[in-house]
Amino acid sequence: TVLPSRSSMPLMLSLPLRTVICAPSTTYGSANRYFALRASVIVIWFVGQSISTQPAINIDARRSLHVFLGLLFWIPILVRIYWRFKNGHPRAHGQSDNTHRFAKLAHYLMLVLLGSMLLSGPMNAWINPSAGLAKAAFFIHSNVAIALVVLVIFHVLAAMKHLMFHDDETLARIFVPRSDLKKQEEKERA
(Lines give C-alpha, C1' and ligand atoms only; values in the text may rest on other atoms or scores of the structure.)
Protein backbone atom coordinates (compact mmCIF):
# COMPACT_ATOMS: atom_id res chain seq x y z
CA THR A 1 0.00 0.00 0.00
CA VAL A 2 1.29 3.41 -0.94
CA LEU A 3 0.66 6.33 1.37
CA PRO A 4 -0.20 9.73 -0.15
CA SER A 5 2.61 12.20 -0.59
CA ARG A 6 2.90 15.31 1.56
CA SER A 7 1.64 17.39 -1.39
CA SER A 8 -1.75 15.65 -1.14
CA MET A 9 -2.18 16.48 2.56
CA PRO A 10 -4.23 19.69 1.98
CA LEU A 11 -6.66 17.56 -0.02
CA MET A 12 -6.95 15.16 2.90
CA LEU A 13 -7.81 18.02 5.23
CA SER A 14 -10.74 19.06 3.02
CA LEU A 15 -12.38 15.64 2.80
CA PRO A 16 -16.12 15.49 3.46
CA LEU A 17 -17.45 14.52 6.89
CA ARG A 18 -18.48 11.12 5.51
CA THR A 19 -14.87 10.26 4.74
CA VAL A 20 -13.47 11.75 7.93
CA ILE A 21 -15.72 9.65 10.16
CA CYS A 22 -16.38 6.53 8.18
CA ALA A 23 -13.53 5.31 6.08
CA PRO A 24 -10.62 4.09 8.19
CA SER A 25 -9.08 2.03 5.43
CA THR A 26 -9.52 4.31 2.43
CA THR A 27 -7.72 7.57 3.22
CA TYR A 28 -4.50 8.60 4.89
CA GLY A 29 -5.00 9.69 8.48
CA SER A 30 -8.65 8.76 8.73
CA ALA A 31 -7.74 5.70 10.81
CA ASN A 32 -6.83 8.12 13.62
CA ARG A 33 -10.24 9.75 13.40
CA TYR A 34 -11.89 6.34 13.31
CA PHE A 35 -10.00 5.24 16.43
CA ALA A 36 -10.92 8.55 18.08
CA LEU A 37 -14.58 7.73 17.45
CA ARG A 38 -14.07 4.29 18.99
CA ALA A 39 -12.31 5.87 21.96
CA SER A 40 -15.21 8.30 22.42
CA VAL A 41 -17.64 5.36 22.64
CA ILE A 42 -15.42 3.73 25.26
CA VAL A 43 -15.23 6.96 27.29
CA ILE A 44 -19.01 7.37 27.08
CA TRP A 45 -19.42 3.78 28.30
CA PHE A 46 -17.04 4.25 31.26
CA VAL A 47 -18.72 7.50 32.28
CA GLY A 48 -22.11 5.79 32.05
CA GLN A 49 -20.92 2.85 34.14
CA SER A 50 -19.53 5.20 36.77
CA ILE A 51 -22.90 6.89 37.37
CA SER A 52 -24.04 4.29 39.88
CA THR A 53 -20.74 4.38 41.79
CA GLN A 54 -20.98 8.11 42.55
CA PRO A 55 -22.14 9.58 45.85
CA ALA A 56 -25.78 10.65 45.67
CA ILE A 57 -24.89 14.34 45.28
CA ASN A 58 -22.70 13.61 42.20
CA ILE A 59 -25.04 11.27 40.32
CA ASP A 60 -26.83 14.03 38.41
CA ALA A 61 -23.54 15.66 37.40
CA ARG A 62 -22.11 12.35 36.15
CA ARG A 63 -25.35 11.53 34.30
CA SER A 64 -25.25 15.00 32.71
CA LEU A 65 -21.67 14.37 31.58
CA HIS A 66 -22.72 11.02 30.07
CA VAL A 67 -25.64 12.67 28.24
CA PHE A 68 -23.43 15.53 27.03
CA LEU A 69 -20.79 13.16 25.64
CA GLY A 70 -23.48 11.01 24.07
CA LEU A 71 -24.98 14.04 22.33
CA LEU A 72 -21.56 15.30 21.27
CA PHE A 73 -20.79 12.08 19.41
CA TRP A 74 -24.35 11.09 18.46
CA ILE A 75 -24.19 12.30 14.85
CA PRO A 76 -20.67 11.00 14.08
CA ILE A 77 -21.61 7.58 15.47
CA LEU A 78 -24.87 7.55 13.52
CA VAL A 79 -23.05 8.52 10.32
CA ARG A 80 -20.53 5.73 10.91
CA ILE A 81 -23.30 3.16 11.36
CA TYR A 82 -25.08 4.36 8.23
CA TRP A 83 -21.83 4.33 6.23
CA ARG A 84 -20.99 0.74 7.16
CA PHE A 85 -24.47 -0.55 6.27
CA LYS A 86 -24.40 1.42 3.00
CA ASN A 87 -20.94 0.26 1.95
CA GLY A 88 -21.01 -3.29 3.24
CA HIS A 89 -18.32 -5.21 5.01
CA PRO A 90 -15.09 -5.63 2.99
CA ARG A 91 -13.33 -8.97 2.83
CA ALA A 92 -9.68 -9.16 3.82
CA HIS A 93 -7.23 -10.92 1.52
CA GLY A 94 -6.84 -14.51 2.61
CA GLN A 95 -10.03 -14.55 4.68
CA SER A 96 -12.15 -17.70 4.35
CA ASP A 97 -15.86 -17.52 3.53
CA ASN A 98 -16.86 -18.69 7.00
CA THR A 99 -14.53 -16.24 8.73
CA HIS A 100 -15.85 -13.40 6.58
CA ARG A 101 -19.49 -14.30 7.30
CA PHE A 102 -18.80 -14.52 11.03
CA ALA A 103 -16.86 -11.23 11.06
CA LYS A 104 -19.63 -9.53 9.09
CA LEU A 105 -22.27 -10.83 11.51
CA ALA A 106 -20.24 -9.67 14.53
CA HIS A 107 -19.61 -6.21 13.08
CA TYR A 108 -23.23 -5.68 12.08
CA LEU A 109 -24.42 -6.91 15.47
CA MET A 110 -22.12 -4.39 17.19
CA LEU A 111 -23.52 -1.64 14.97
CA VAL A 112 -27.13 -2.64 15.68
CA LEU A 113 -26.41 -2.66 19.41
CA LEU A 114 -24.71 0.73 19.16
CA GLY A 115 -27.65 2.06 17.15
CA SER A 116 -30.10 0.86 19.80
CA MET A 117 -28.03 2.72 22.38
CA LEU A 118 -28.30 5.86 20.24
CA LEU A 119 -32.09 5.53 20.32
CA SER A 120 -32.60 4.40 23.91
CA GLY A 121 -30.16 6.92 25.42
CA PRO A 122 -32.08 10.07 24.49
CA MET A 123 -35.38 8.36 25.34
CA ASN A 124 -33.96 7.48 28.75
CA ALA A 125 -32.71 11.02 29.33
CA TRP A 126 -35.67 13.06 28.13
CA ILE A 127 -38.81 11.06 28.83
CA ASN A 128 -40.56 11.48 32.17
CA PRO A 129 -38.83 8.97 34.51
CA SER A 130 -42.14 7.67 35.83
CA ALA A 131 -43.31 6.69 32.33
CA GLY A 132 -43.11 3.04 31.39
CA LEU A 133 -41.30 3.95 28.17
CA ALA A 134 -38.49 5.59 30.15
CA LYS A 135 -38.08 2.45 32.26
CA ALA A 136 -37.98 0.31 29.12
CA ALA A 137 -35.44 2.69 27.53
CA PHE A 138 -33.25 2.50 30.65
CA PHE A 139 -33.46 -1.31 30.66
CA ILE A 140 -32.54 -1.48 26.96
CA HIS A 141 -29.77 1.13 27.25
CA SER A 142 -28.05 -0.45 30.25
CA ASN A 143 -28.35 -4.08 29.08
CA VAL A 144 -27.33 -3.34 25.50
CA ALA A 145 -24.24 -1.54 26.89
CA ILE A 146 -23.23 -4.74 28.68
CA ALA A 147 -23.92 -6.87 25.60
CA LEU A 148 -21.90 -4.48 23.45
CA VAL A 149 -18.92 -4.62 25.81
CA VAL A 150 -19.01 -8.43 25.82
CA LEU A 151 -19.13 -8.46 22.01
CA VAL A 152 -16.28 -5.93 21.77
CA ILE A 153 -14.15 -8.10 24.08
CA PHE A 154 -14.77 -11.10 21.82
CA HIS A 155 -13.99 -8.87 18.83
CA VAL A 156 -10.63 -7.85 20.29
CA LEU A 157 -9.82 -11.48 21.11
CA ALA A 158 -10.69 -12.49 17.54
CA ALA A 159 -8.41 -9.73 16.22
CA MET A 160 -5.60 -11.06 18.40
CA LYS A 161 -6.27 -14.56 17.07
CA HIS A 162 -5.85 -13.26 13.52
CA LEU A 163 -2.66 -11.50 14.48
CA MET A 164 -1.10 -14.63 15.99
CA PHE A 165 -2.50 -17.57 14.01
CA HIS A 166 -3.66 -16.46 10.55
CA ASP A 167 -1.84 -15.26 7.49
CA ASP A 168 -4.39 -12.73 6.32
CA GLU A 169 -4.60 -8.97 6.44
CA THR A 170 -7.50 -8.77 8.86
CA LEU A 171 -5.62 -6.78 11.49
CA ALA A 172 -3.32 -4.90 9.11
CA ARG A 173 -6.16 -3.34 7.16
CA ILE A 174 -7.30 -1.49 10.28
CA PHE A 175 -4.03 0.45 10.41
CA VAL A 176 -2.88 0.64 6.78
CA PRO A 177 -4.84 2.74 4.27
CA ARG A 178 -6.08 0.77 1.28
CA SER A 179 -9.01 0.72 -1.07
CA ASP A 180 -11.67 -1.91 -0.62
CA LEU A 181 -11.08 -5.33 -2.09
CA LYS A 182 -14.14 -4.95 -4.36
CA LYS A 183 -12.60 -1.90 -6.01
CA GLN A 184 -9.29 -3.75 -6.47
CA GLU A 185 -11.03 -6.75 -8.02
CA GLU A 186 -13.02 -4.51 -10.39
CA LYS A 187 -9.80 -2.85 -11.58
CA GLU A 188 -8.17 -6.24 -12.13
CA ARG A 189 -11.13 -7.41 -14.24
CA ALA A 190 -11.16 -4.27 -16.39
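Predicted model: local features only at pLDDT ≥ 70, side-chain atom pairs only at ≥ 80, totals over all residues.
Contact here means that heavy atoms lie within 4.5 Å of each other.

Start with helix H5, which covers residues 74-87. On the H5 side, Trp74, Ile77, Leu78, Ile81, Arg84 and Phe85 make the contact with H6. Their partners in H6 are Tyr108, Leu111, Val112, Leu114, Gly115, Leu118 and Pro122. Sorted by class, this contact has eleven nonpolar residues, one polar and one charged. The axes of H5 and H6 cross at roughly 145 degrees and come within 10 Å. The crossing of H5 and H6 is left-handed.

Helix H6, residues 97-126, also packs against H7. Two packed helices are described by the angle between their axes and the distance between the axes. For H6 and H7 the angle is about 150 degrees, and the axes are 8 Å apart. Angles over 145 degrees count as roughly antiparallel, so H6 and H7 are roughly antiparallel to each other. H6 and H7 also have a left-handed crossing. Their contact has 18 nonpolar and nine polar residues, with no charged residues.

Is His141 buried or exposed? Buried means under 20% relative accessible area, and His141 has a relative accessibility of 14%, so His141 counts as buried. Leaving aside residues up to four places away in sequence, His141 touches His66, Met117, Ser120 and Gly121.

Terms used:
Residues numbered from 1 in each chain as written. Heavy atoms only, no water. Buried < 20%, exposed > 50% of the residue type's maximum accessible area, 1.4 Å probe, protein only. Axes fitted to C-alpha atoms, helices over the stretch in contact; angles between N-to-C directions. Helix = DSSP H or I, 4+ residues; strand = E, 2+ residues; numbered from the N terminus. Parallel < 35°, antiparallel > 145°, perpendicular 65-115°, else oblique. Left-handed = near helix turned anticlockwise from the far one by under 90°. Nonpolar A, V, L, I, M, F, W, Y, C, P; charged D, E, K, R; others polar.
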